[in-house]
Amino acid sequence: MSSEYTELAPDEVRNYLESKNIEYKERGNELMFPCLNGCDDDDTETEKYHCSINSTTGQWHCFKCEAKGNLVTLKKTLGGVAVKSSTKTSSLTATSMPTSKQLLRIAEQCHNQLMQPENKKLLDYLMKERGLSLFSINTSILGVGEFYGEMWLTIPIIEDSECRLIKLRRLPDKTDGAKYTTFPTGSGSVVFGASNLLKKRSNQVLICGGEYDKIIAEQMKFPMPIITSTAGEGTFKDDWIDAFLNGLDKVFICFDNDEKGKNATQELASKITERLDNVGVYQVPIPEVLGDKADLTDANLKKFTAEALLAQAKHIGGDEPIDEKGFVEISLAKLQETLGLTITHDNMNKVIVFLALLSAYTDHEQLNVFMNAQSSSGKTYLAKEVAKLFPKNDVHIYARVTPKAFYYDTEFATESETGDHTLDLSRKILIFADQIDSQLQENLRPLLSHDAKKLPFKLTNRSHSGTNEAITGYMLGFPATVFCSANMRMDEQEQTRGLLISPEISQEKIASSIELTQERDGDPDAFESKLKNNTDRKNLMQRIRYIREQHIDNIVIPSELGVVRLFRESLGETLLPRNQRDIQHLNSLIKAVTLLNAPTREQASNGLIATKTDVDSALEIWGYLNRSQRFGIPPQVLDFYEEVILPAFRNKTEVKAVGISVKELAIYYAKTTGDTLDQDRVRKQYLPVLSQAGLISYEKDPEDKRQRLIIPLIENVAQKGDKK
């Protein structure tokens, strides 16, 4: 700010303060007044005046917050706003842009001014000619005030309880000059309603042409978040498209009926479809009967409802509307083929992960998948590639995350007025791409077990006074989850709460993966174009969107399908305690397969009806899973037992050995595969897991007491119904 000496006219400072209703006290040529920077909250008279302005030079200085400036900068910042000194809201700084708190106070003052009897004419204009209800006017804090030497209607742009700027609209009886401007000058443009869109995490949004239209649309109860650019139609920035529209299924645009509005609609639709995939853009037209200059306000005044306007919405870009009649039955083989565009081999694994993610769109049948395998085996890749088919807003991928960070994740965490934290995990997909924090894993166990739809948890936070305080939080609903880990040692409580799989590590898969990687990396644009234009992949993504939008809460498995009998046959004669959870997993698989073919399934009053085809498909998957589920061991460990330990031991028993050492396993492994064995991983991860499952025991080596020999106990880990 300038600090040069300026000779002022007599009483210029005094007259200016009085014109702004700012109280002051005279001390010689110094005028003492309350600080406009918000630091004067004292009630006592002696502590009220901290600012001193020189009546000759106009230089002023606050002795409390050290703000300073001169009369010129003071006038620029105040911008002609009349501030009453009788309240504690008189706070504008002459040394910086007004703060959000200061702008909010001004907005509230302007709102109070609008409610005064002398402004009844303006209030009537907003209510009768603009169609705004008194409730909308009050909740939006609409008002009137003097800015830049003129009176303006005010629309505060408030996001997350912070006032970003105040949009100014000229009075209705004034026809000259700018129709709109902002305070402060140079505020720039923002997306009005962005915070509400992000909070609701909707898959749809309505973009309006202006602030009043946005408020009207909310008043009309359009069933989606509503946003607008504060710079008007045709000013929606590219980075706003990426930040706020990415991941949505549908974008509705409702601009004015004039030529400018129609052109802006088409231009925005083109930008959205050019920048984003998998989103449909729709125009919500203003009825032609209202005239070629009509807007949403006119439609509201003529009693058109949100439902009536949306019923006339026209698709103008991006994904076509879903035609459920085009869906046909999809088999597991066809699903494998489609997923195979980006995931080689792992045929049953990718189906299991896909169905698990799809199960997010059920009421309480969400599946948990634990994918354990050595590093670089493709665990995270598999999960992420399947997740790309699903709406981005539903998928949350974590690398390393602490319990507190998870509970405060702004993607689905909200805070109530009482301070309780709520995590709405309903219909969400959570992928933990690395070893999950042990405490978070423990905390999530009741959620994975589907114990209750509302689970409490406690958080310890640091209070303003510096002490620790406990805060209550709640997790709502059930997500579909995938846990990726290189650690083979699983707690028994996790073993029974989900499906255990491991990616293939065969030579054939590795060779195919190398070719796919080269195709993707060699010409990324061509590869993405291939995916984007693949009919089966597009149809599958459309099918997911359709299922998501149906909100199918219940899926029924008719008793005549004989699931219990078929399940018992897959287990053999011996039943284990864990089979009580396994039947739940099988039922969830049946329901996920049924959900996949929802467009061709009967919808009864009690829910979607599963068929024998769905049961047979789920049993095929269960046959693949049964081996690992039976022992509670990741398949990769069981493969090592079957393909290395058993044949190596049989080979050695020819000389009547008691058992086999890890070193001997490494020698056998090198001879049969041509690769080296990670003996440390075998000792620390594989063998403890196999021992816990009762598949091996140990004995001391009679020739070297320091060494333990491995003794396999079960010749065949497969059983009836298993399909490896």
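How much space lies in the largest cavity? About 90 Å³, in a model that is predicted, with pLDDT of at least 70 needed for local features and 80 or more for side-chain atom pairs, while totals for chains, interfaces and linings use all residues. Residues are numbered from 1 along each chain as its sequence is written, and side-chain values use heavy atoms, leaving out hydrogens and water.

A cavity here is a set of points on a 1 Å grid over the protein atoms alone where a 1.4 Å probe fits but cannot get out, and its lining residues have an atom within 4 Å of a point. Volume is the space filled by probe spheres set on points joined across faces, edges and corners. The whole structure has five cavities of 30 Å³ or more. Around the largest sit 15 lining residues, with G234, T235, F236, F255 and L268 nearest its centre. Helix α9 gives the most to this lining, four residues (helices are DSSP runs of H or I, at least four residues, and strands are runs of E, at least two, numbered from the N terminus).

Over in helix α16 (residues 438-448), L440, Q441, L444, R445, L447 and L448 are buried (under 20% relative accessible area with a 1.4 Å probe, protein chains only). They fall within an arc of 165° seen down the axis, so they line one face of the helix; the arc is taken from the directions from the helix axis to the C-beta atoms. After α16 comes H450, with a positive phi near 60°.

R545, in helix α20 (residues 535-550), counts as buried too, because its relative accessibility is 4%. Beyond its neighbours within four places in sequence, R545 is in contact (heavy atoms within 4.5 Å) with D249, K250, D319, E320 and I322.

Conventions:
On a 1 Å grid over the protein atoms alone, a cavity is a set of points where a 1.4 Å probe fits but cannot get out, and a pocket is an open set with protein on both sides within 12 Å along at least five of seven lines; lining residues have an atom within 4 Å of a point. Buried means under 20% relative accessible area, exposed over 50%, partly exposed in between (1.4 Å probe, protein chains only).
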